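Thanks for coming, everyone. I'll take a few minutes on one model and where its residues sit.

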Amino acid sequence: MIHLDTPLKNISKITPKYAKVLEKMGLVTVQDFLLYFPFRYDDFSKTVELGQNYLGETITVEGTIIKAKNIRIFRRKMTITEIVIQDKNNTPLKTVWFNQPYILENLKEGESIRLSGKLAIDKKIFSMANPAWEKASRDATNTGRLVPVYSETAGISSKWIRWQIKPLLRFAKDIPDILPEETRKKFNLYDLRTAITQIHFPDSREKLVRAQKRMAFQEMFLVQLKSLQVKKQWEKNNSIDIKFDEKLIKEFVEKLPFKLTNAQRKASFEILKDLEKSKPMNRLLEGDVGSGKTVVAAISTLQSISAGYQVAIMAPTEVLARQHFESFCKLFENYGINIALLTNSYQEINNFQFSIFNFQSIFNDKILKNKKNSREYLLKSTADGKINLIVGTHALIQKDVRFKNLALIIIDEQHRFGVAQRATLQQETMSIKDPVKSPNGDHGASGEIKTISHLLTMTATPIPRTLAIAFFGSLGLSILDEMPKNRKPIVTKIVPPSARNQNYNFIRQEIGSGRQVFVIFPLIEESKALSEVKAAAEEYKKLQDIFPDFEIGLLHGRMKPKEKEETMQFFKEQKTKILVSTSVIEVGIDIPNATVMIIENAERFGLSQLHQFRGRVGRGEHQSYCFLFTESNTQKSIERLKALEKTNDGFEISKIDLELRGPGQFFGTIQSGLPDITMENLSNVKLIKFAREEATNLLKVDPRLKKHPLLADALLRFSEKIHLE
Ligand code: ADP
Ligand code: MG
């Protein structure tokens, strides 16, 4: 007997070969299969009688086969399968398929068939090329309806999946519905069985939308429950209250070579206010590339250090960690603050990398010569509090890194953490501050109130406010929505193939007057990383031919960290004039002398993403340019790119992008651990709001979900899922 947990390989129609492929896709049981949703639908729901008025439309027609034959064309080594049918008005329709001679094994003259495809006309006879088909006696599965399309893996077609899933749908009723009935009623949501059935084989668009909404609500409900739980957990802890020293901060700000923007002032103030509380801060600082997050971070850092505590700043990559290190060294030049840099991706070379600034007095050459000793020395100095500020990569969360009194952790998250992981990230950072590292050395056994550090995370993704609130609802939110005044807007231009040469001349001029150029081959998917590397390497060669007189650098993800660092360094020192890079190049990289950003294949990317790339120029006093190279000449993609020509405002762009492409691209589905359906529905602010309210209400009456065991269980599994990075 088949039930939800029956392994797919035990189902007679699924051969071991297929079962294996399914397993690779993560589909092992009947339940897994039922929850494997289509990613789009072909709309074959318009069933009609043949007529001129449907020319060019996608329709479904039923008729009797009056002719069927395979035609082999030896010269071109192909087979054409040709069928002529007559609908009930005896109107003929000719269809052809290429290289699928086996179709005729099933179809004989005289049989009734249903065909779905785009109607054309050929020598006065209606025609369809490569239509979807099935015998009219079967229920509409591949034709004559909204037909689900699943993402296909080698060897498994959507058609096959449809045939397999359809008979299994009757088990959907056995999957427990985690949404409380009251909630379902309140928001008029489908029960799980109906939702699953309608998602695979929707009876209509309306029902499909309703089914998707139900699933999206469920995921969002879990996100919100999780985020509320984490928030509650977070708020149980204590933190150190750091008094706002107005004089200190005022002086620091006055000495800056620029005037803070109002947004920077406001954000800094919000953070300083949070630090004054004895409850741990958990705040997100959101600001477009170049909006000046670093100095805001510096203000809170300075405040914490001057109150006698330590601060840790974590960046996602080596290069950014170093850049922060250098920025902070400069910002705190006159403050006698000991700053260390700690990263560990130099494993191939010497196991670690570090620098200490302003530390000469206690740090002698002898120690420096022995790298192992020096690491130990650095760690010891951090543990006993001599280091005030430690900047680094993930190396900072290693076990041997201890602090004396770490009051503030700043994570320059730069896109690297998915949204739903936000919740788990908070837990992770909680665990940075295990008892040994916790400021007062409390041994906060579970259940006890712990004293933990304040947490500030920063992101350069200008996530629309509604979306940010949905996901980061448990965080304080500070937004830098104002660019420093001195910025000249970056001039952005779409460059079609015909204008390339002209563009290269312009670049020559720019370099001639001392500027530098980025050329980016943005990454499309992780799996394509290799071909991207290849493309970048080819471009590198091509550019060497075009610009034989300029030094060109090449940067990609497959390089060793040391090589990457060197390449960046050469570019920084202007030894190379052009830097060809894959999208590995960091969002936050700061090279003011680079004024030209060229993005290849620009049409393939979301506007927000392009905007991020663009943000790597326009950081200095010179006029900067961004050229969007595109091979595409479709009106739609050009229109889209035009938004970038029109505005430099990241929030504006993200709003357009949200409308055009949904929220997925801000985070990436895989990264966030949320299904596509949820992602699509994220632009639905109401849904998010309702999910949050409902989650809040539920936790009020049933904080531990004791009365909702199904939900509690789902939440546990959900947390595990989104924990996977
Ligand atoms: P991001 O938000 O991308 O991290 P940064 O903090 O790196 O931006 O700042 C980008 C550049 O702008 C830096 O060179 C910084 O010194 C400068 N900057 C920051 N704030 C201001 C301001 N208010 N006025 C002028 N320049 C500023
Ligand atoms: Mg930055």
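This is a predicted model: local features need pLDDT of at least 70, side-chain atom pairs count only at pLDDT 80 or more; totals for chains, interfaces and linings use all residues.

Residues are numbered from 1 along each chain as its sequence is written, chains are lettered from A and ligands numbered from 1 in the order in which they are written, and side-chain values use heavy atoms, leaving out hydrogens and water.

Cores to begin. A nonpolar core here is a set of buried Ala, Val, Leu, Ile, Met, Phe, Trp, Tyr and Cys residues joined through side-chain atoms within 4.5 Å. Buried means under 20% relative accessible area, exposed over 50%, and partly exposed in between, with a 1.4 Å probe and protein chains only. The largest core holds 43 residues. Those with the most contacts inside it are Phe252, Phe328, Phe332, Ile339, Leu389 and Ile410. Helix α10, residues 293-306, gives the largest share, seven residues. Helices (H or I, at least four residues) and strands (E, at least two) are DSSP runs, numbered from the N terminus.

What does Phe332 contact, beyond neighbours within four places in sequence? Phe252, Ala298, Thr301, Leu302, Ile337, Ile339 and Leu389. Contact means heavy atoms within 4.5 Å. A second, separate core has 35 residues, including Leu22, Met25, Leu169 and Phe201.

Now helix α19, residues 607-614. Seven of its eight residues are buried, so the rest of the structure largely encloses it. The buried ones are Leu607, Ser608, Leu610, His611, Gln612, Phe613 and Arg614.

Next, Ile653, in helix α21, residues 650-661. Is Ile653 buried or exposed? Buried, because its relative accessibility is 0%. Leaving out neighbours within four places in sequence, Ile653 contacts Leu607, Ser608, His611, Arg614, Leu644 and Thr647. Pro464 is 189 residues away along the chain, yet the two C-alpha atoms are separated by 9.4 Å.

Thr630 lies between β23 (625-629) and α20 (635-646). Thr630 is buried, at 2% relative accessible area. Not counting residues up to four places away in sequence, Thr630 touches Ile494, Val495, Pro496, Pro497, Glu603, Ile638 and Leu641.

Ile452 is in the loop between α14 (421-432) and β16 (454-459). Ile452 counts as buried, at 0% relative accessibility. Its C-alpha is separated by 8.8 Å from that of Lys279, 173 residues apart along the chain.
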